[in-house]
Amino acid sequence: MKRRHDDLYLNELTYPSSMSICPVCGSSIPKDNIDLHVQQHFIQPQPSTSTITTNYCDLEVPGFSDAADFKICRFGHCQQIVSSTEWEDHLFAHSIEDHTNLLSTNSHQNHHENTILDPHNLNIDTSVHTQVHNTDRAIAQEQREMERLEIQSSQWNDHLLAKAIESEEQKEMEEQRMKEEEEFKKLQAMYGMNKVGGYVTQYSQHLERDVNRGKASVGDYYARKAEMLKILMTDTDSGESCTRGIIPQLHHRYKLGVSGTKQAWSSSDTDHYASTVGDAGWGCGYRNLQMLISALLRIDVYRPMLFAVGENVPSIPRIQQLIEASWNAGFDKQGAEQLACKLINTRKWIGATEIATVLRSLGLRANIIDFHRATGCDGTHPEMFSWIKRYFSCGVPGFNTGMGLNQAHAGVLKQTTRPPLYLQHQGHSRLVIGVEEHSGKDGGLFLLLFDPSHSTKQMHSLLDDIQTSSSGLRHLRRSLKQMRCKQYQIVYVDGIMDAQEMERSKILNSVRVP
């Protein structure tokens, strides 16, 4: 059995006191030589342990009585003291251990080489590499798919946003369209374009309402309707709404004196035509044209040009026929299209362009002045007032200024032979028959207007007031502050056109002031 080095010394051997054990090789050395012996270990190289020899114990164990019974094993780092009887077994165990270590080393090297050189192992490495490559590719594909989904999601969000914006725009457009349609219907109702039937129809409906309300008998209904139809057959106005003699009565009033008036000018004699039940709400333009025609028929130079109209003022249905005839002759095609080229038997409003169109078709030089914006700081039109004063007092520069300036009376009021002015503004029209210039604290210009909305009864009352005092003029006067519409248009007649000028006048234009 093997015994450890310490056990031999401590338990079984009585070691001599003059000897020492070398701490490096375990040899028994005299104490006097132990230092030299240890130093030799560090000077001389140690014997190699890589080769197995049969001489594993060149040194005997000194100090023993039978040194041959024990040997020190020099195999590797064993350094065991083995008895002679166990020596062979000890060496055999070292041989087996060394052979086992050698086989283990060779097997490890062969396994490493086979792992590198074996084609099967190469296939395994290639397969692993392929798997890694496939994994990387799958990861890259997944990443690309995620990026694609993100882009698609972003594009989808953009698409939804575009759809929402488009839907909102369509909604706004639809609301705007409905609003425009509603406003257009209101305009149609305002200008009589949504109603069927014209003057005759409205007149008959009013008579029927009077009968139903007990204001007229059935006999009165048929009698008045028959009279209306008879008058319409002659194309002449019945005259039931006409008031004559107002301007001559004004001359009489100014002769007697009008407080505050420094100077006044008036147009030629003109009759007032009021709206009636047959044209209430839409006939102001027609009534103003009737007033203007009543003045033109009294001026010698214009009377022959009104042959198509007749010797008397035409009725409203006849005026509608004249306007449509002027459209058919090529005058103001654009305006005709706006009114669907139809006026007869309708309640459509007419304005400055229709007035100028029918007058031009008759050979009269009818011009339009457009006061398109206010010229006063408070929304007034002082430039328009000054233009009207120049028209009545000295004519219009650039046109036939010598026509119609024959002034009668040397007093405050100077009557000219100039026709009155057709004055149009939003929703209504009137006729300017003159202008006053005042002095003192109320100084300034005042227009004298005929308004078709004033009934025949009111105009007769005006005549009575003028005869007794100047207070009746308040129904005709309009100050600068009372005329504050955004835009005004004036139509005035200033001469007769030849054939070439008539052809050029088919295209309407206007002069903008300022």
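Is C242 buried or exposed? C242 is buried, with a relative accessible area of 9%, where buried means under 20% relative accessible area, exposed over 50%, and partly exposed in between, using a 1.4 Å probe and protein chains only. This is a predicted model, in which local features need pLDDT of at least 70 and side-chain atom pairs count only at pLDDT 80 or more, while totals for chains, interfaces and linings use all residues. Residues are numbered from 1 along each chain as its sequence is written, and side-chain values use heavy atoms, with hydrogens and water left out.

**Overall architecture**

- The protein chain has 14 helices and 15 strands; these are DSSP runs numbered from the N terminus, with helices (H or I) of at least four residues and strands (E) of at least two.
- Of the 514 residues in the protein chain, 40% are buried.
- Among contacts (heavy atoms within 4.5 Å) between residues at least 6 apart in sequence, 66% join residues at least 24 apart.
- The accessible surface amounts to about 29500 Å², and 53% of this belongs to carbon and sulfur atoms; the areas come from the Shrake-Rupley method with a 1.4 Å probe, and for residues only the protein chains shown count as cover.

**Cysteines**

- The structure holds 0 disulfides, a disulfide being a pair of cysteine sulfur atoms within 2.5 Å.
- C485 counts as partly exposed, at 25% relative accessibility.

**Aromatic rings**

- There are 8 aromatic pairs in the structure; rings of Phe, Tyr and Trp (its six-membered ring) pair if their centres lie within 6.5 Å, and planes under 30 degrees apart count as stacked, over 60 as edge-to-face and the rest as tilted.
- One of these pairs, Y199 and Y203, is stacked, at 6.0 Å centre to centre and 25° between the planes.
- Both Y199 and Y203 belong to helix α5 (residues 199-212), where they are 4 residues apart, about one turn of the helix.
- Y199 is buried at 9% relative accessible area, and Y203 is buried at 5%.
- The pair of Y391 and F392 is edge-to-face, because the ring centres are 5.0 Å apart and the planes stand at 80°.
- Y391 is buried at 0% relative accessibility, and F392 is likewise buried at 0%.
- Ring pairs join F371, W387, Y391, F392 and Y492 into a cluster.
- R418 lies over the face of Y391, 4.1 Å from the ring centre; a charge sits over a ring if NZ of Lys or CZ of Arg is within 6 Å of the ring centre and within 35 degrees of the ring normal.

**Salt bridges**

- The structure holds 16 salt bridges, each defined by a side-chain nitrogen of Lys or Arg within 4 Å of a carboxyl oxygen of Asp or Glu.
- R177 and E174 form a salt bridge at 2.3 Å, N to O, and both lie in helix α4 (residues 119-190), 3 residues apart.
- R477 and E436 form a salt bridge whose closest N and O atoms are 2.7 Å apart.
- R477 lies in strand β13 (residues 477-478) and E436 in strand β11 (residues 428-438), so this pair ties together parts that are 41 residues apart in sequence.
- Both R477 and E436 are buried.
- R244 forms a salt bridge with D271, with the closest N and O atoms 3.5 Å apart.
- R244 is exposed, with a relative accessible area of 51%, whereas D271 is buried at 4%.
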